Amino acid sequence: MHIVVCIKQVPDTADVKIDPKTNTLIREGVVSIINPFDMYAIEESIRLKEKLGGKVTAITMGPPQAENALREAISMGVDAGILVSDRAFAGSDTWATSYTLAMALKKIGDYGVIMCGKQASDGDTAQVGPGIAAHLDLPQITYVRKIEEISADHVVGERLLEEGTEVIRAPVPCVLTVVKEINEPRLPSLKGKLAAKKAQITHWKADDLKAEKGNLGLDGSPTKVVKIFTPPARQGGQIFKGEPEEIVPQLVEKLKDAVIAAAS
Amino acid sequence: MENDPIVVMKDKCVGCRLCIKSCPFGAIAMQEKLAVIELTRCTLCGACVPVCKFKAIEMRKKDAPVAGAVADLSAYRDVWIFAEQKDGRIQSITYELLGEGRKLADQLGMSLCAVLLGSGMSDKTAELVQRGADRVYVVDAPELAYFQDEPYAAVLIDLIRRHKPAIMLCGATTIGRSLVSRVAVNVRAGLTADCTGLAIDPETKNLMQTRPAFGGNIMATIITPKHRPQMATVRHKVMKEALVDASRKGETLIEKVAAEVLKSRAQRVKFVPEAETTMNIAEANIIVSGGRGLQAPENFSIVRELAEVLGAGVGSSRAAVDAGWIPYSHQVGQTGKTVCPKIYIACGISGQIQHLAGMSSSDIIVAINKDPDAPIFRVATYGLIGDLFKLVPLLTREFKKALKK
Ligand SMILES: Cc1cc2nc3c(=O)[nH]c(=O)nc-3n(C[C@H](O)[C@H](O)[C@H](O)COP(=O)(O)OP(=O)(O)OC[C@H]3O[C@@H](n4cnc5c(N)ncnc54)[C@H](O)[C@@H]3O)c2cc1C
Ligand SMILES: Nc1ncnc2c1ncn2[C@@H]1O[C@H](COP(=O)(O)O)[C@@H](O)[C@H]1O
């Protein structure tokens with residue numbers, strides 16, 4: 001099976017700092033990583049290939065530097081990388097992003113399972129995976145925590161819902177989005193690192209995709225960001241120090257009304 | 001380049017770097033002492049435009065023609081909310097959407113409509129009307145008994161095309177996000193995820209959708225100026241639930257859909273309720289969370305006991321989940337769940353940025369930690385410095401007394 005995993009390069013949140021004076025995000029010097037959920041998608045794709053045979057292609061839409069994310073995926077065991085990059089994609093919202101990725105998937109053509117992370121840590125939307133499924137008119141299983149069964153023509157996955165697990169059987173091709181529980185991503189092997197260095201990354205631009213120009217980037221995006229601001233920083237509050245027997249009743253006194261209100 | 005949606009004018013830029021600092025997306029860099037915008041990273045949020053003292057950054061006008069734009073916006077009317085139900089029970093998020101939707105509808109002079117999909121649920125429409133709906137669209141079919149992505153999406157698409165709502169709100173739940181992402185693509189609507197603030201722009205009547213990004217480190221306000229409906233998912237527990245008014249009147253419309261629309265390629269094989277869950281933490285008003293400070297799985301019992309007295313859900317840090325002390329569904333944070341309860345009590349959690357990303361918008365945060373320098377204290381409304389093994393059981397006992405349990 002040809003498994004395609006969609007990955008996004010995001011700023012490392014552990015690095016994101018807030019300037020205490022201006023209360024703005026300090027972005028200089030922040031390194032980029034593969035979106036954490038996409039690491040699980042990569043690992044699962046490789047495991048499926050190990051079970052079924054075939055190959056795994058990682059695809060990303062992003063700036064030229066996102067090539068690094070593809071190489072990292074290859075170092076883990078992904079076979080090929082495709083970078084979809086063009087200034088025509090500037091200002092893409094999730095509609096245009098999922099459209100662009102769907103057009104790239106059409107160009108790939110022989111995809112079986114399409115893997116995505118549950119959501120990206122910068123936008124946190126969880127919309128691109130189902131969006132790709134909608135553009136390609138494919139079934140989807142979101143929030144997958146385990147793949148129970150897979151063959152060339154179907155997949156059975158466990159989907160994590162708020163109050164339990166749903167087992168879903170879907171025909172292949174289909175789109176899966178995965179949560180952290182699904183696996184433990186491997187570290188790159190030495191062989192993998194070498195392969196990553198040598199790998200030829202495929203570059204696709206807007207013209208390569210047979211995409212409708214009006215559906216790309218800003219023009220293809222129904223939503224517009226009109227304002228960006230930093231939320232007022234949370235002030236550290238009241239600290240109780242002292243003997244437990246003293247401070248606990250003080251806290252209970254402070255919280256009691258809020259607890260009663262929350263219960264009603 | 002003249003087609004680029006945003007440009008730095010080389011003759012005006014002096015290389016002062018102010019724009020670089022202002023860019024939340026790290027999309028501006030210096031090249032030969034001038035600012036250059038990396039378009040593939042730029043979201044065209046416009047944050048850099050006003051900070052440039054030399055007016056060197058220009059954005060292309062946003063009223064350029066766009067694909068799929070709706071010619072006559074006034075043909076789209078009413079505020080719709082998706083009434084999420086499970087096992088035939090209307091979920092609390094639905095009441096929160098009705099509360100917020102009512103305000104928006106009143107401001108716009110439009111009706112508030114609920115869309116209820118299910119099987120044998122027609123008797124639930126009164127509940128939706130009492131909570132503020134003027135009209136309830138019901139689609140009743142055995143295929144809709146429980147949530148299935150494909151038929152639910154197809155039915156909503158069908159209804160939206162037929163009735164043309166101006167706004168469509170849905171909970172930012174697992175179901176909600178899976179569902180409306182498909183719908184928005186098909187009806188070519190703008191969709192804003194996980195909103196924590198909604199308002200109507202008094203001039204344009206556009207829906208202003210405010211949401212956190214980067215784990216809550218920045219907020220963005222987003223509009224959908226030219227497409228309809230304006231769709232948004234809304235975070236749990238942020239909006240106030242609509243109250244019951246038994247005297248309210250409303251109409252119910254039973255909608256028929258073609259058999260074709262109800263088909264699903266993906267099929268549920270079975271559903272296994274989670275044994276551990278006492279409460280879905282996304283819906284909990286109070287959450288008591290435990291972290292690595294608990295030291296061993298059996299010690300989660302002291303967290304559970306406090307939670308029980310408070311009628312709270314049980315959460316955890318990733319460290320506790322990774323150690324196998326509690327199932328993943330309880331994990332709060334960047335790679336777990338985002339929660340927004342009235343009270344969040346963190347026991348033995350250090351408060352790393354990935355954990356804060358999932359809970360820092362809680363109303364009241366209580367931190368219990370023996371390390372006075374733990375970062376959790378920087379966001380805590382109340383902090384107890386000390387040994388949780390003493391403090392938490394004591395807290396349970398004192399609350400029992402105070403709440404007379
Ligand atoms: C990509 C990525 C994603 C992540 N996603 C998440 C996420 O979604 N959620 C999440 O929580 N983390 C996440 N993390 C991990 C995060 O960085 C922290 O490692 C984790 O939150 C730490 O958990 P903790 O606070 O329980 O443990 P620790 O950091 O070890 O803190 C334990 C705390 O308990 C205190 N303590 C110990 N004993 C006692 C006692 N007897 N009484 C009182 N206090 C005591 C200690 O002082 C300490 O502050 C992520 C990390 C990465 C890299
Ligand atoms: N630019 C992109 N390139 C490739 N995959 C993406 C991109 N954006 C999002 N995805 C995929 O869609 C998932 C959800 O992203 P989001 O909807 O942005 O939260 C991610 O985990 C990725 O698998």
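The model is a predicted one, and the distances and angles below should be read as values computed from it. Ligand 1 is placed between chains A and B, while the shell around ligand 2 draws on strand S6, helix H3 and strand S8 of chain A, each with at least two residues.

**Ligand 1**

- Ligand 1, which sits between chains A and B, has 27 residues around it, and those that come nearest are B:Ser317, B:Thr335, B:Ser350, B:Gln354 and B:Asn369.
- Backbone atoms of chain B approach the oxygen atoms of this ligand in several places: a polar backbone atom of B:Arg292 is 2.7 Å from an oxygen of ligand 1, and a backbone N or O atom of B:Gln334 is 2.9 Å from an oxygen of the ligand.
- Taken on its own, ligand 1 has 980 Å² of accessible area, of which the protein covers 80%.

**Ligand 2**

- Around ligand 2 there are 18 residues, and A:Cys6, A:Asp38, A:Met61, A:Ala120 and A:Thr125 are the ones that come nearest.
- A:Met61 instead faces a nitrogen atom of ligand 2, with one of its backbone N or O atoms at a distance of 2.8 Å.
- The protein covers 97% of the 480 Å² of accessible area that this ligand has by itself.
- Strand S6 (55–61), helix H3 (94–108) and strand S8 (111–117) of chain A each give at least two residues to the shell, and S6(A) provides the largest share, with 3 residues.
- By residue class, the shell around ligand 2 is made up of 9 nonpolar, 7 polar and 2 charged residues.

**A sheet built from both chains**

- An open sheet of 6 strands, paired in parallel, runs in the order S15(A)-S22(B)-S21(B)-S20(B)-S18(B)-S19(B).
- Strand S15 (238–240) of chain A and strand S19 (313–316) of chain B are the edge strands, and each has a single partner strand, so one side of each lacks a neighbour in the sheet.
- Ignoring direction, neighbouring strands of this sheet are turned against each other by 20° on average.
- Where the two chains meet in the sheet, S15(A) and strand S22 (382–385) of chain B run parallel and are joined by 3 bridges, with A:Gln238 standing opposite B:Tyr382 in S22(B).
- Helix H6 (244–263) of chain A packs on this sheet, where it touches S15 of chain A as well as strands S18 (286–290), S20 (343–347), S21 (364–369) and S22 of chain B, and the direction of this helix makes about 145° with that of S22(B).
- Helix H10 (388–402) of chain B lies across S20, S21 and S22 of chain B, and it runs at about 135° to S21(B).

**A sheet within chain B**

- In chain B, 7 strands form an open sheet with parallel pairing, in the order S11-S15-S10-S5-S8-S9-S16.
- The edges of this sheet are strand S11 (190–195) and strand S16 (251–254) of chain B, and each has a single partner strand, so one side of each is left without a neighbour in the sheet.
- From one strand to the next, the twist averages 20°.
- S11(B) and S15(B) are paired in the parallel sense over 4 bridges, and the bridge partner of B:Cys195 is B:Val234 in S15(B).

- Most peptide bonds are trans, and most residues other than glycine have a negative phi.
- A:Val172 and A:Pro173 are joined by a cis peptide bond with an omega of about 5°, and A:Pro173 is placed in the loop between strand S11 (164–171) and strand S12 (174–178) of chain A.
- Another cis peptide bond joins B:Arg228 and B:Pro229, with omega about -5°, and B:Pro229 is in the loop between strand S14 (218–223) and strand S15 (230–234) of chain B.
- A:Asp124, although not a glycine, has a positive phi of about 55°, and its place is in the loop between S8 and helix H4 (128–136) of chain A.

Note on methods:
Residues are numbered from 1 along each chain as its sequence is written. Chains are lettered from A and ligands numbered from 1 in the order in which they are written. This is a predicted model: local features need pLDDT of at least 70, side-chain atom pairs count only at pLDDT 80 or more; totals for chains, interfaces and linings use all residues. Side-chain values use heavy atoms; hydrogens and water are left out. A residue is near a molecule or strand if one of its heavy atoms lies within 4 Å of it. A polar contact is a pair of N or O atoms within 3.5 Å; within protein, one must be able to donate a hydrogen and the other to accept it, and residues adjacent in sequence count only if both atoms are side-chain atoms. Accessible areas come from the Shrake-Rupley method with a 1.4 Å probe; for residues, only the protein chains shown count as cover. Ala, Val, Leu, Ile, Met, Phe, Trp, Tyr, Cys and Pro count as nonpolar, Asp, Glu, Lys and Arg as charged, and the others, Gly among them, as polar. Two strands pair if DSSP finds at least two bridges between them. Axes are lines fitted to C-alpha atoms, for helices over the stretch in contact, and angles run from 0 to 180 degrees between N-to-C directions. Contact means heavy atoms within 4.5 Å.
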